[in-house]
Amino acid sequence: MDQLIPGLADLVEGFRNCFHPRVFETFQALIAGWVVCVGPRTISEVWQATGLAAKRHHDTAYAVFHSARWEWDDLGIILATLILTHLVPGGVVWVAVDDTLCHKRGAKVAFGGIFLDAVLSSKKHKTFRFGLNWVVLGVAVPLPWRADRYFCLPVLWRLYRKKGRPGHRPRPASAAELARKLAEAHPERTFWLVGDSAYINESVLRDRPANLQVIGPLHWKAALYDRPSPRGPKQRGASRKKGDRLPNPRAMIEDAATYPAELLTIDFPKGPRELRVQTIRDVLWYKGAKTDPVMVVLVRDPSGQWRDEALVATDPTASAAFVILGYCRRWSVELAFFDGKQFLGLHDPQVRSEQSVERAHPMAWFIGSLTILWYCVEGHAGSHVERERPWYDRKATPTFTDMLGALRLQMWESKIYGESGEEPPSPEIIRRLIHTLAAVA
């Protein structure tokens, strides 16, 4: 599969200036091979799937990752621009951040280490595995065909280096760098960043660009303060940075007399739900945001099915419903991690050197975001995979696998029948397709 179909090629063309012309040709082939590869996505298997293995040595593919001159950040900003242009042409841009573990083996794998595997762990049992830890930032968007959920399209990422290694930075600092890079690349847009409790702290909240706001969970024992009173005419010394201490969020949610609660009907993607909400505006969370005022939203489900939530937002003028619905987009990045690992081979590249490790594994996220973008722009109007699965009669479609399957199908249709879709297939193409489907390894 050494060519891209026109709709996908038009999107990939935007990345041409990030590469040397010859490297870009190979990169295009690798994208096609990554999409149609039916086995593990090692570099050699992907190169085999391109159909170029008999003509060019597989070192050509490895060289793209270990020695060619290009940067993921450049591609990420262009990818984000394409996503905003086609999927979020106006309004607020929601971005989600989190970290995930990429499983690896081998003591000589660059940046490898022992990390908590959140997928295999629970509150009572912690599982640790050797691998690579990635901090990932993605644009969370609703799609017109799936009103019941959000899709996260990863655009920027950083490989975490453990303490004591060169280049070590805490994960929240890496997340802040990625969010600022994206916000500064689009100063005319307003970005809202959502993350879990590990990313809602001073690293992310302080020194933000003016067009970047943050929503996330607040610790139930967080120290909150009133804003300081105006300076008196005869007051000596420095002005106060914070006012009187307020009750912590746990005490606030139980004190509905001092902090009035209201019942709000929130229209979640999967249906409306009535929640008890308390909104406290213009307070100071000095540890996290210093003297910048924030708003606190306390949420309780009267039916008792959902746990209580304490959320903090850096814009005190936002509505409670906006904050609650915005925070719901955080889970979309977890689904992006699942798709990248299960269907695009995040763990598969067998590379060890520093540059190869930093470049090869994120191809899974890049291809995933490109697939969703292609499907929304053009792919939804083309052929889709037909599978007889009567037990999926209530399946909500399209899923990510439907989009990836449609891309694979349309690429094979173009290869077999030509761009017109009416050319008779050559015996060589049919033979190659049959052997591709039959190959075990």
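In this predicted model, strand 10 (residues 271-284) and strand 11 run antiparallel and are joined by seven bridges. Strand 11 in turn pairs with strand 12 (residues 309-313), again antiparallel, through five bridges.

**Strand 11 and its partners**
- Pro 293 in strand 11 is the bridge partner of Leu 284.
- Val 296 has Val 312, in strand 12, as its bridge partner.
- Strand 11 spans residues 293-300, and six of its eight residues are buried, so the rest of the structure largely encloses this strand.

**Thr 100**
- Thr 100 belongs to strand 1 (residues 93-103).
- Its relative accessibility is 7%, which is under the 20% cut-off, so Thr 100 counts as buried.
- A polar contact of 2.7 Å links the side chains of Thr 100 and Lys 341.
- Beyond its neighbours within four places in sequence, Thr 100 is in contact with Leu 132, Asn 133, Trp 134, Phe 337, Lys 341 and Trp 365.

**Cavity**
- One cavity of 30 Å³ or more is found in a search of the whole structure.
- The volume of the largest cavity is about 110 Å³.
- Its lining consists of 16 residues, and those nearest the centre are Cys 152, Ala 336, Asp 339, Ile 372 and Phe 400.
- Strand 4 (146-159), helix 11 (331-343) and helix 13 (363-377) are the elements that each give two or more residues to this lining.
- The lining of the largest cavity comprises 10 nonpolar, four polar and two charged residues.

Technical notes: Residues are numbered from 1 along each chain as its sequence is written. This is a predicted model: local features need pLDDT of at least 70, side-chain atom pairs count only at pLDDT 80 or more; totals for chains, interfaces and linings use all residues. Side-chain values use heavy atoms; hydrogens and water are left out. Buried means under 20% relative accessible area, exposed over 50%, partly exposed in between (1.4 Å probe, protein chains only). Helices (H or I, at least four residues) and strands (E, at least two) are DSSP runs, numbered from the N terminus. Two strands pair if DSSP finds at least two bridges between them. A polar contact is a pair of N or O atoms within 3.5 Å; within protein, one must be able to donate a hydrogen and the other to accept it, and residues adjacent in sequence count only if both atoms are side-chain atoms. Contact means heavy atoms within 4.5 Å. On a 1 Å grid over the protein atoms alone, a cavity is a set of points where a 1.4 Å probe fits but cannot get out, and a pocket is an open set with protein on both sides within 12 Å along at least five of seven lines; lining residues have an atom within 4 Å of a point. Grid points are joined across faces, edges and corners, and a volume is the space filled by probe spheres set on the points. Ala, Val, Leu, Ile, Met, Phe, Trp, Tyr, Cys and Pro count as nonpolar, Asp, Glu, Lys and Arg as charged, and the others, Gly among them, as polar.
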